[in-house]
Amino acid sequence: MSELISSIGGLSSGLGLKGLGGKSDFVSEFSSILKDNFESTNALLNRSDSMTQNFAVDKSADLHDVMIAVEEAGMSLNYMMQIRNKLVEGYQELMRTQV
């Protein structure tokens with residue numbers, strides 16, 4: 001969970017109004033932040049799946065730990081879905097703009 005929180009903090013500090021070198025710097029930084037968040041979400045989902053399988057098969061994992069991992073993965077996935085929705089919304093708005 002702390003990985004996700006630090007990623008969110010990096011998002012706000014990385015995209016602030018500080019002087020960026022140009023569009024390409026902004027795009028590369030934005031894309032790297034998105035990539036890091038996708039990878040973090042994927043890791044949380046994989047961890048949740050493996051813990052759930054371990055619990056179902058041989059009860060080697062504690063139920064509380066499994067539920068915490070599932071909730072962390074769910075919250076991270078919800079966060080990424082909201083980011084995707086806002087990006088699609090912004091793209092659609094740009095496409096509706098007349099030049």
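Lys86 and Glu89 form a salt bridge, with 3.9 Å between the closest N and O atoms. The model is a predicted one. Both residues lie in helix α3, and because they are 3 residues apart, about one helical turn separates them. Lys86 counts as exposed, since its relative accessibility is 56%, while Glu89 has a relative accessible area of 44% and is partly exposed. An α-helix has 3.6 residues a turn, so residues three or four places apart point the same way.

Helix α2 holds a pair of this kind. Lys35 and Glu39 meet through their side chains in a salt bridge of 3.9 Å, N to O; they are 4 residues apart in α2, which puts about one helical turn between them. Lys35 is exposed at 52% relative accessibility, and Glu39 is partly exposed at 44%.

Helix α2 covers residues 23-58, and at 1.5 Å a residue its 36 residues should span 52 Å, which agrees with the 52 Å between its end C-alpha atoms. Its buried residues include Ile33, Leu34, Leu44 and Met51. After the helix comes Lys59, with a positive phi near 55 degrees.

The axes of α2 and α3 (residues 63-96) come within 9 Å and cross at roughly 150 degrees. That angle is over 145 degrees, so the two helices are roughly antiparallel. The residues of their contact comprise 17 nonpolar, 5 polar and 3 charged. The crossing is left-handed.

A salt bridge also joins the side chains of Arg47 and Glu72, at 3.2 Å from N to O. This pair links distant parts of the chain, with Arg47 in α2 and Glu72 in α3, 25 residues apart. Arg47 is partly exposed at 36% relative accessibility, whereas Glu72, at 13%, is buried.

Conventions: Residues are numbered from 1 along each chain as its sequence is written. This is a predicted model: local features need pLDDT of at least 70, side-chain atom pairs count only at pLDDT 80 or more; totals for chains, interfaces and linings use all residues. Side-chain values use heavy atoms; hydrogens and water are left out. The expected span of a helix is 1.5 Å times one less than its number of residues. Buried means under 20% relative accessible area, exposed over 50%, partly exposed in between (1.4 Å probe, protein chains only). Axes are lines fitted to C-alpha atoms, for helices over the stretch in contact, and angles run from 0 to 180 degrees between N-to-C directions. Angles under 35 degrees count as roughly parallel, over 145 as roughly antiparallel, 65 to 115 as roughly perpendicular and the rest as oblique. A crossing is left-handed if the near helix is turned anticlockwise from the far one by less than a right angle, and right-handed if clockwise. Ala, Val, Leu, Ile, Met, Phe, Trp, Tyr, Cys and Pro count as nonpolar, Asp, Glu, Lys and Arg as charged, and the others, Gly among them, as polar. A salt bridge is a side-chain nitrogen of Lys or Arg within 4 Å of a carboxyl oxygen of Asp or Glu.
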